[in-house]
Amino acid sequence: MKKIIDRYILKEIAFPFFMILFILTFVLLMGKILQLMDLMVNKGIRVTDIALLIVYLMPSFLMFTIPISLFVAIMMGLGRLSGDNELMVMKAAGMSLTQIARPILVAVAASFLLTAFTSYYLVPHGNYAVKSLLFDVARQKASAGIKERVFNDEFSGILIYADKVPVSGEHMEGVLISDTRTTGEQSTIIAARAYLLADPNAMTVTLRLEDGATHSVDRSLKSYRRMDFARYDIKLDLGAAMSGDAGKSKASTEMTVAEMMKRMEDKKLKDTDLRELAIEINKKFSIPVSTLVFGILGVPLGIRKHRTAKYWGFSIGLAVVIAYYLLRLGGEALAETGQLTPFIGAWTPNIVLGIAGGWLFMRAAAEKPLWPDFPAMLRRS
């Protein structure tokens with residue numbers, strides 16, 4: 001009998017959980033849709049690459065939507081059972097609040113493990129995979145875009161012309177480059193050969209020129225300078241939308257906890273960089289724990305009987321989620337400026353709501369009102 005009731009309660013929260021999870025994830029993804037469409041239409045990225053980008057971005061959304069969806073689903077599911085007096089029947093049959101909450105706590109534990117795996121492993125690898133894919137696409141586009149006897153202006157501030165491109169495409173011959181990246185000075189570079197070199201680790205594409213010369217004049221055309229070279233490297237700007245943080249090492253959101261802790265051992269790091277890494281480490285632990293906090297808080301709030309149970313559950317759930325993330329954003333902002341420690345900034349929302357959830361759960365288990373009846377107290381006084 002208990003197993004049947006457990007499955008019944010799980011069923012009540014499963015449908016709203018998956019529905020809200022889909023809607024929230026889709027809404028967050030819509031914020032990236034315009035950028036992805038721009039990459040496909042204006043940058044020529046294939047549909048398959050766009051699909052991969054969506055897959056790689058999904059973990060960073062799920063890390064936040066799983067705890068929120070579970071909390072609102074608990075509120076809505078228990079609110080429906082409470083509104084239809086089914087919870088009252090269960091209690092009359094001798095079930096305690098702990099027994100009623102048992103299947104919900106199992107769902108909370110499963111969601112915690114899924115969120116933890118997503119936060120610790122999938123998010124950093126997904127974020128780095130996004131940057132790597134964009135870099136790979138940009139590198140291929142750069143190689144394919146330089147054609148024989150055609151002026152190429154795909155790169156910011158640089159115009160490239162190649163007299164001959166062999167069938168192998170490994171290099172170019174008779175290269176002419178107009179470089180306007182330096183303000184107030186225009187340079188023309190002539191080289192016998194040129195090669196495109198990609199560095200996947202540094203996320204950069206370099207145009208290496210051999211046996212040539214640079215010719216520079218100032219804006220007033222009164223000064224001319226020539227420099228001969230055997231080898232000359234030009235770092236190509238592939239565009240922020242295509243190459244991400246080109247030339248930089250992994251960002252904090254692209255590193256695992258072990259990688260961040262190793263990075264923090266570098267004594268040359270600035271205080272701001274150390275705080276950023278410390279905040280990110282605490283987030284990777286505190287966000288999964290928020291699933292447990294929301295689960296404990298959702299049970300006593302969800303069983304509160306209300307005429308419009310479903311709307312009550314959704315409304316109060318949304319209000320609590322907004323309050324939680326306002327506390328989180330405020331704490332992280334203060335931690336970034338050094339006014340709070342990274343631990344306090346990241347964990348304060350969990351601590352506050354965790355204490356509130358535990359207190360409300362104990363009052364609900366003891367069949368006490370969740371909060372004092374202030375109007376009655378005033379009337380008695």
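## Close-ups of a predicted model

**Figure 1. Helices H7 and H9 pack side by side at an angle of about 10°.** Here we're looking at helix H7 (residues 271–302) and helix H9 (residues 342–365), whose axes are 8 Å apart. Angles under 35 degrees count as roughly parallel, so H7 is roughly parallel to H9. What kinds of residues make up the contact of H7 with H9? They divide into 20 nonpolar, seven polar and two charged. Keep in mind, here and in every view below, that this is a predicted model.

**Figure 2. Helix H2 packs against H7 too.** Helix H2 (residues 47–83) and H7 also make an angle of about 10°, and here the axes are 9 Å apart. H2 and H7 are therefore roughly parallel to each other. To trace the contact on the H2 side, look for residues including Met63, Phe64, Pro67, Leu70 and Phe71. Further along H2, the list goes on with Ile74, Met75, Leu78, Gly79 and Ser82. They meet a set of residues in H7, among them Ile287, Ser290, Thr291, Phe294, Gly295 and Leu297. The residues of this H2 and H7 contact split into 13 nonpolar and seven polar, with no charged ones.

**Figure 3. Five aromatic residues gather in one cluster.** The members are Phe64, Phe71, Phe294, Tyr324 and Tyr325. Across the model, the count comes to 11 aromatic pairs.

**Figure 4. Phenylalanine 17 and phenylalanine 18 form an edge-to-face pair.** Their ring centres are 5.1 Å apart. How are the two rings arranged, and why does the pair count as edge-to-face? The planes sit at 70° to each other, so the pair gets that label, the cut-off being over 60 degrees. Phenylalanine 17 has 12% relative accessibility, so it counts as buried. Phenylalanine 18, on the other hand, is exposed, with a relative accessible area of 55%.

**Figure 5. Phenylalanine 117 and tyrosine 121 make a stacked pair.** This time the ring planes are at 20°, so the pair is stacked, and the ring centres lie 5.5 Å apart. Both residues belong to helix H4 (residues 97–145). They're four residues apart there, which is about one turn of the helix.

**Figure 6. Histidine 215 has a polar contact with tyrosine 224.** Find histidine 215 in strand S5 (residues 204–218). Its side chain and that of tyrosine 224 are joined by a polar contact of 2.7 Å. Which other residues does histidine 215 touch, if you skip neighbours within four places in sequence? Besides Tyr224, the contacts are Gln186, Ser187, Thr188, Ile190, Arg225 and Arg226.

**Figure 7. Histidine 171 sits in a loop between two strands.** The strands on either side are S2 (158–164) and S3 (172–179). Leaving out neighbours within four places in sequence, histidine 171 is in contact with Val165, Pro166, Arg193, Ala194 and Tyr195.

**Figure 8. Isoleucine 45 and isoleucine 68 both count as buried.** Start with isoleucine 45, in the loop between helix H1 (2–42) and H2. It has 5% relative accessibility, so it counts as buried. Isoleucine 45 and valine 137 are 92 residues apart in sequence, yet 7.2 Å apart in space, C-alpha to C-alpha. Now move to isoleucine 68, in helix H2, which counts as buried at 16% relative accessibility. Isoleucine 68 and leucine 21 are 47 residues apart in sequence and 8.1 Å apart in space, C-alpha to C-alpha. Not counting residues up to four places away in sequence, isoleucine 68 touches Leu24, Val321 and Tyr325.

**Figure 9. Zooming out, the chain has 10 helices and six strands.** Of its 381 residues, 41% count as buried. Take the contacts in the chain with a separation of 6 or more: residues 24 or more positions apart account for 64% of them.

Key
Residues numbered from 1 in each chain as written. Predicted model: local features only at pLDDT ≥ 70, side-chain atom pairs only at ≥ 80, totals over all residues. Heavy atoms only, no water. Polar contact = N/O pair within 3.5 Å; in protein donor to acceptor, adjacent residues only side chain to side chain. Contact = heavy atoms within 4.5 Å. Phe/Tyr/Trp six-rings, centres within 6.5 Å; stacked < 30°, edge-to-face > 60°. Buried < 20%, exposed > 50% of the residue type's maximum accessible area, 1.4 Å probe, protein only. Axes fitted to C-alpha atoms, helices over the stretch in contact; angles between N-to-C directions. Parallel < 35°, antiparallel > 145°, perpendicular 65-115°, else oblique. Nonpolar A, V, L, I, M, F, W, Y, C, P; charged D, E, K, R; others polar.
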